[in-house]
Amino acid sequence: MAEQFRRVCWLSLFGLVAIQSALAESEVAATQEPAAVSLTVKRSGAWILVESPSFRCWSQLPESDARLLAESCETWRNRLRTTWISEPAPEAWVPKCEVLVHPDRTAYNQALRRPGDVSVGSTIMNFDQGRTVQRRIDVRADASDWSNAALPHELTHVVLGERFGGHALPRWADEGIAMLSESADKSQERLENLRSVLAQGPTLSMVDLTQMNRLPQPQFRDAFYSQSVGLTSFLVRKSTPAKFADFVADSVVEGMDNALLQHYSLNGVGTLQREWNEWVRQPAAMSFVSLPIQVGKASTVAVAP
Ligand SMILES: [Zn+2]
């Protein structure tokens, strides 16, 4: 039976705060980069299609930026796999991952047939008996820092979706992992948002956060996203990203309490809540783990006209 999951991500809805970027030293060893990839370029009206071994990137960017986009996707794919799965990238994806960079919200909403949608990124995957039969990412080029925030965020959903073979990850972990792939600026924005949620509320308990299967009501959305990335970072710091992914997989099968005990020697969600409370007691001292995922050169990808 075919399964499908969709992730619609609200990435750029928070006002951009003044940022003093202080990216911590990478806490994970640098990954081995793939050799240069071969690209083919085609045009169709205003669109340019650049194909790499695992991606078909559609955009209305200048050719040099469109090429850079496809190269960056290949690099991200490799870094994400190495970071979260502890394996180098496998053979090229079949079918390739379609990446559609829409010039604005109108084009994005039309392509996804979601009028009124204010998200800036979306992932669609389809599975047939555990085999991936569709990978598709849509992003909006009018969103701030789309190429270093929305795009790696959505790509993380695809790589993690692959890791879990079509079984849904807990929502908090899926979003938390994806947010840790975003740019340093975006990460700082998330951190400021968590501080604001902690100061002004409403917040979610660890029980509510970790049991949530769908996006919460709008008044809890800031709490959901900022606490999800905060909790993911908090647990990743205790071991490694790949071990965190193993913990998430076990939490689905064995339950959260058992998985916390097995992977982190935490006596259930109650103990997690106490440790979390301790961590957030000094908001000014909080930081998120920094992972070697960002592709610096992608920052030069232009906003589509
Ligand atoms: Zn997401």
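Start by selecting Pro241, Ala242, Phe244, Ala245, Phe247, Val248, Ala249 and Ser251: these are the buried residues of helix α8. Here, buried means under 20% relative accessible area, exposed means over 50%, and partly exposed lies in between, with a 1.4 Å probe and protein chains only. Helices (H or I, at least four residues) and strands (E, at least two) are DSSP runs, numbered from the N terminus.

A word on what you have open: this is a predicted model, where local features need pLDDT of at least 70 and side-chain atom pairs count only at pLDDT 80 or more, while totals for chains, interfaces and linings use all residues. Residues are numbered from 1 along each chain as its sequence is written, and side-chain values use heavy atoms, with hydrogens and water left out.

**The whole chain**

Zoom out for a moment. The protein chain has 10 helices and seven strands, and 53% of its 305 residues count as buried. Take the contacts (heavy atoms within 4.5 Å) between residues at least 6 apart in sequence: 68% of them join residues at least 24 apart.

**Back to helix α8**

Now select residues 241-254, which make up α8. This helix of 14 residues reaches 20 Å from its first C-alpha to its last, close to the 20 Å expected at 1.5 Å a residue; the expected span is 1.5 Å times one less than the number of residues. What covers the buried residues of α8? Show α1 (63-85), α3 (150-163), α4 (171-179), α7 (221-236) and α9, which are among the covering elements. Just after α8, click on Gly255, which takes a positive phi of about 95 degrees.

**The aromatic rings**

Next, display the rings of Phe, Tyr and Trp (its six-membered ring), which pair if their centres lie within 6.5 Å; planes under 30 degrees apart count as stacked, over 60 as edge-to-face and the rest as tilted. The count comes to nine aromatic pairs.

Select Trp84 and Phe244 to see an edge-to-face pair, 6.3 Å centre to centre with 65 degrees between the planes. Trp84 sits in helix α1 and Phe244 in helix α8, so this pair links parts of the chain 160 residues apart. Trp84 is buried at 1% relative accessible area, and Phe244 is buried at 0%.

Are Trp172 and Phe244 buried or exposed? Both are buried. To finish this stop, select Trp84, Trp172, Phe244, Phe247 and Tyr264 together, which form one aromatic cluster.

**Where α9 meets α10**

Move on to helix α9 (residues 256-264) and helix α10 (residues 268-279), which pack at an angle of about 65 degrees with their axes 7 Å apart. Axes are lines fitted to C-alpha atoms, for helices over the stretch in contact, and angles run from 0 to 180 degrees between N-to-C directions. Select Met256, Asp257 and Leu260 of α9 with Gly268, Val269 and Leu272 of α10 to see the contact.

**Two cysteines**

Cys57 counts as buried at 1% relative accessibility, and Cys73 is buried at 0%.
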